[in-house]
Amino acid sequence: MTVKLLVLYTHPEDADAFDAHYAGTHMPLVAKIPGLLRTETGLIGAAIDGGEKSFYRITELFFEDQRALQAGFGSDEGKATAADYQKIAPPGSRMFVVPVDD
């Protein structure tokens, strides 16, 4: 069963610096994770339910299954990506593993 890692980033203090690091450093690290099938990412546009716009950016990393996700993040590339996430993720950012309804 396909799984994805869903990453929700809260609003950074310095959006320009965050965006530069995210695009120039973090995503190139992500692209090297073994077993990664595809990535989708984007800025949160609006909270159409009228609630607070709590998150700044969403990123989804797709893997063949849970085993592939674990192997990918157990690799040197995955560990480097996770370490970089710890550096750039604003407080309150979240990560979830989501089984995809195929």
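I call a residue buried under 20% relative accessible area, exposed over 50% and partly exposed in between (1.4 Å probe, protein chains only). The model here is predicted, so I keep local features to pLDDT of at least 70 and side-chain atom pairs to pLDDT 80 or more, while totals for chains, interfaces and linings use all residues. Residues are numbered from 1 along each chain as its sequence is written, and side-chain values use heavy atoms, with hydrogens and water left out.

**Aromatic pairs.** I count rings of Phe, Tyr and Trp (its six-membered ring) as a pair if their centres lie within 6.5 Å; planes under 30 degrees apart are stacked, over 60 edge-to-face and the rest tilted. My search of the whole structure found six such pairs.

**Phe 18 and Tyr 56.** I looked at this pair and found it edge-to-face, at 5.8 Å centre to centre with 80 degrees between the planes. It joins distant parts of the chain, 38 residues apart: Phe 18 is in helix 1 (residues 15–31) and Tyr 56 in strand 3 (residues 55–63). Helices (H or I, at least four residues) and strands (E, at least two) are DSSP runs numbered from the N terminus. Phe 18 is buried at 6% relative accessible area, and Tyr 56 is buried at 13%.

**Phe 63 and Phe 73.** I found the ring centres 6.1 Å apart and the planes at 55 degrees, so this pair is tilted. Phe 63 sits in strand 3 and Phe 73 in helix 2 (residues 66–74), ten residues apart. Phe 63 is buried, at 0%, whereas Phe 73 is partly exposed, at 22%.

**Cluster.** I also noted that ring pairs join Tyr 9, Phe 18, Tyr 22, Tyr 56 and Tyr 85 into a cluster.
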